Structures are given as structure tokens and as C-alpha cells.
Amino acid sequence: MPDKWATSREFLERAKRSLAGGVSSPFRVKAPVPLYFRNGCGARLEDVDGNRYIDYVLAWGPMILGYRHPAIVEAMRRQAELPADYGAQHELEFQVSEQIQAMLPCAELVQFTSSGSEAVQIAFRLARAFTGRDLILKFEGHYHGWMDGALISYKPSAAEVGPLEAPRPVPGSRGQVANAAENFAVAPWNRPEILERILEENRGRVAAVAMEPVLCNSGCILPRPGYLERVKALCASHGALLLFDEVITGFRMSLGGAQAHYGVIPDLATFGKAVGGGAPLSGIAGRREILMQMYQGVSFGGSFNGNPVSLASSHATLAELSRDGGAPLAQANAFGQRLMEGIREIAARRRVPLLVTGFGTAFALHFSTLAGLNDYRDTLADDRPLLERFLHRALEEGLHIVPDGRMYVSAAHTADDIEETLGRLDKVFGNLV
């Protein structure tokens with residue numbers, strides 16, 4: 001039988017001769033087959049072998065309006081005929097920051113960067129400067145970028161995590177400076193009583209409590225009812241700032257992100273992915289007095305910050321998401337919810353142990369016999385080999401899914417896309433175990 005991905009495999013081998021690992025981000029090589037794509041439109045992609053897919057990767061999240069959305073294409077086309085960057089000011093900077101200010105409840109002021117990792121670094125620096133403290137308290141499994149000053153206890157093994165009541169800060173990479181972990185305290189998520197004790201043990205030392213308000217990077221786990229409110233109250237009582245990493249949830253869970261959805265307003269929030277509609281754009285939003293420290297001795301910069309091409313794409317994206325009172329995003333979340341429910345029904349009927357966690361436009365599949373997931377440690381029980389078989393068979397059926405089992409839904413997905421996906425998944429689950 002001919003290899004339906006022969007050209008992608010050939011291209012990968014060629015790329016390895018000049019590009020480290022053959023890919024531009026090591027996460028991508030974890031796919032069942034690292035595919036090369038040549039085009040896409042709406043919620044569909046086509047690879048270099050001519051195979052077509054209903055896409056649920058969305059470039060790992062940014063393509064909230066799908067591929068080649070007319071408004072984004074036109075905005076970027078117009079901007080491409082002008083300078084790609086000025087290293088100076090232009091109108092789109094305040095136009096987009098005003099849009100974000102109107103959407104994110106915490107956004108008294110906004111600042112732009114090019115990547116989520118950068119946004120987190122300036123957020124940590126601002127928090128430390130504002131409070132005069134060094135310690136950042138983060139949670140197991142939460143991802144805040146790949147830099148030394150953030151990659152702590154992201155995907156530790158069961159042997160590394162330490163006791164639940166006193167988790168061990170675990171560096172996430174070889175080559176990472178060992179003392180990076182000294183600036184962090186780590187807690188299990190969704191357990192307010194343990195968080196309260198760890199904060200008390202570090203009273204007067206914690207600059208910020210940082211979290212993904214929905215744990216998207218380690219299984220799309222929702223916060224327990226009342227948990228975010230409790231964390232905010234604990235931060236207030238300990239004089240620590242509350243930082244939401246909304247790189248994934250921002251402009252995806254709702255127009256105002258998780259903070260608007262749950263009604264819990266952080267002191268600072270980082271955002272990215274969906275805000276650029278596919279262009280490289282991230283940033284930080286928060287209280288005026290905290291952000292203005294960037295002009296009072298807190299160092300920050302970037303030649304590509306606020307570049308016109310990315311902001312043109314963002315301006316069009318945010319305008320489209322806001323259309324008709326946010327109808328496009330509301331529809332995307334509704335279709336995603338239908339997909340989540342359909343997948344649960346298929347798995348139950350096919351007698352495959354599966355948990356589907358998250359929200360409409362960002363959810364994850366867990367092949368697990370647990371009754372539910374509370375935090376990162378629960379995901380360690382997932383059946384990884386079964387997930388890998390599922391992903392490969394889904395790809396054979398023309399479904400493109402994130403290699404860790406996440407599925408992103410865009411405003412370009414239609415009701416027909418969802419029903420067609422469920423039909424294909426029925427075949428996948430029918431031949432899975």
C-alpha cells in the first residue's frame with residue numbers, strides 16, 4: 001500500500017540536513033506524522049501529498065477565525081504594501097490596545113510583545129518590582145513559556161513531583177540554570193487549602209501567584225467552582241499580585257477571556273495566540289501603576305513589539321470576533337461543546353474509557369479510567385500509548401489534532417464540520433481497542 005504521507009516524510013528528511021531536527025519548534029515533531037502543508041481555508045488544511053484534513057490544531061491555537069479569513073487577508077495585504085516595521089509609533093498600536101482595553105476587564109493599560117514567553121517574563125519582572133519580592137508561586141503543569149525564568153514544574157514525572165502537600169520545583173529542560181527554581185514556589189492546582197498553607201509558609205516573599213485560569217497546556221482542566229475567587233482573596237491577604245496567563249484562554253473562552261467568563265479580575269494578564277489571528281503577537285494587560293513601571297526603571301523592549309503587520313491582523317481579528325455582540329466566538333464555543341458531547345457519546349458507546357475536559361473552543365481527550373481530573377497529577381494516569389494510536393488513526397481519517405490530545409475549534413468550523421468529524425471519529429474509536 002503506498003504511503004499517503006510520502007512527500008511529507010521526504011521533506012522532513014531534507015529539512016533535517018539544514019534545520020535542527022527538521023522542524024521550527026520541537027513540539028511539532030511529536031505529531032504522529034510531522035506533516036508539511038501547502039494550503040488551508042476555513043477549518044480545512046491540505047498537505048503536500050494532497051491529503052485534506054478537518055483541522056483542530058489551528059497552528060496550536062492562533063487561528064481563531066480559521067485559515068485565510070477574508071478580513072485578515074485584506075488587512076495584511078494592505079499592510080504588506082507598507083513598511084513591515086518602523087521601530088516607532090503608528091496608529092494601529094493604539095487602535096488595537098483600545099480594542100483590548102474594551103474587551104479584557106483587567107486592561108487599564110496594554111503593552112505588546114511578539115511571544116507569550118516574552119509577555120510572561122515582563123509580567124514576572126513587573127510583579128517583582130511592584131512588590132519588592134522575588135518569589136513567583138506557580139502551579140504544577142501550568143506552562144508560562146520556555147525561558148529559564150518560567151519553565152518550572154511544567155511536565156514533571158511522577159518520580160519528580162514530590163509530596164502533594166509540598167511539591168518540588170522541577171526545572172523543565174537540560175541546560176536550564178539550576179538556580180532558576182530558587183525563585184519559585186510550586187503548588188498543586190485546584191486545592192485552595194494547600195495553596196493557603198504554602199503562601200503562609202512563604203509569607204512576605206511571594207510577588208505573584210501565576211496560573212492558567214483554565215489549565216489548557218496540561219489537559220484543559222477547569223477550575224473548581226469558587227477556586228479562582230479563593231485564590232484572589234488569598235493574594236489580597238498576602239499582598240501578592242494575581243497573574244492570569246491567558247495566552248490560550250484570551251479572546252477564545254470569551255471576548256474577555258477567562259477573567260470575564262469567571263468574573264475574577266487579575267492584577268496582570270498575559271495574552272497571545274488568538275489575539276493575532278495567526279500573526280505573531282502577544283502582550284500584557286493590567287493595572288496602570290504596575291505597567292507604568294516600564295517607564296520607571298523596569299527594563300523592557302523589543303524591535304518587533306507592536307509591528308504593523310501583526311497589529312493589522314489583530315485589528316481585523318478582534319473586530320470580527322466582536323461582530324454582532326460576539327456571535328462568531330459564541331458560535332465557535334457552541335459548536336465545540338457539541339463536539340465534546342458527541343465524542344463522549346461515541347467513546348461510551350464504543351466502550352473506550354475517555355474523559356473530555358475543557359470548554360468549547362479548547363478541550364482535551366484523556367484516555368483514563370479516572371472519574372474526573374482535578375489537576376496536573378491526575379493526567380499522569382492517562383494511557384499515552386492509546387492516545388498515540390488514536391491520533392494516528394484520526395490522522396488517517398483526515399482529522400488533524402494536537403499531539404497531546406487537545407482540540408481547538410475556530411469560528412470557521414461549521415455545523416457540518418462537527419457532524420462530519422463525529423462520523424469520522426466513530427470509525428476511529430471503532431477500531432481503537
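Two strands are taken to pair if DSSP finds at least two bridges between them, and strands themselves are DSSP runs (E, at least two residues), just as helices are runs of H or I with at least four residues, both numbered from the N terminus. The structure is a predicted model, in which local features need pLDDT of at least 70 and side-chain atom pairs count only at pLDDT 80 or more, while totals for chains, interfaces and linings use all residues. Residues are numbered from 1 along each chain as its sequence is written, and side-chain values use heavy atoms, with hydrogens and water left out.

Strand β1 pairs with β2 (residues 44-47) in the antiparallel sense over four bridges, and F37 stands opposite D47 of β2. Both strands belong to an open sheet of four strands, ordered β1-β2-β3-β13, with mixed pairing. Its edges are β1 (37-41) and β13 (399-400), each pairing on one side only. Helix α12 (residues 415-430) lies across β2, β3 (52-55) and β13, and runs at about 110 degrees to β3; axes here are lines fitted to C-alpha atoms, for helices over the stretch in contact, and angles run from 0 to 180 degrees between N-to-C directions.

Turning to the helices, α2 (residues 70-80) and α9 (residues 308-349) pack at about 150 degrees with their axes 8 Å apart. The two are therefore roughly antiparallel (angles over 145 degrees). The contact (heavy atoms within 4.5 Å) involves A71, I72, A75, M76 and Q79 of α2 together with P308, V309, A312, S313, A316 and T317 of α9.

How values were computed
Parallel < 35°, antiparallel > 145°, perpendicular 65-115°, else oblique.
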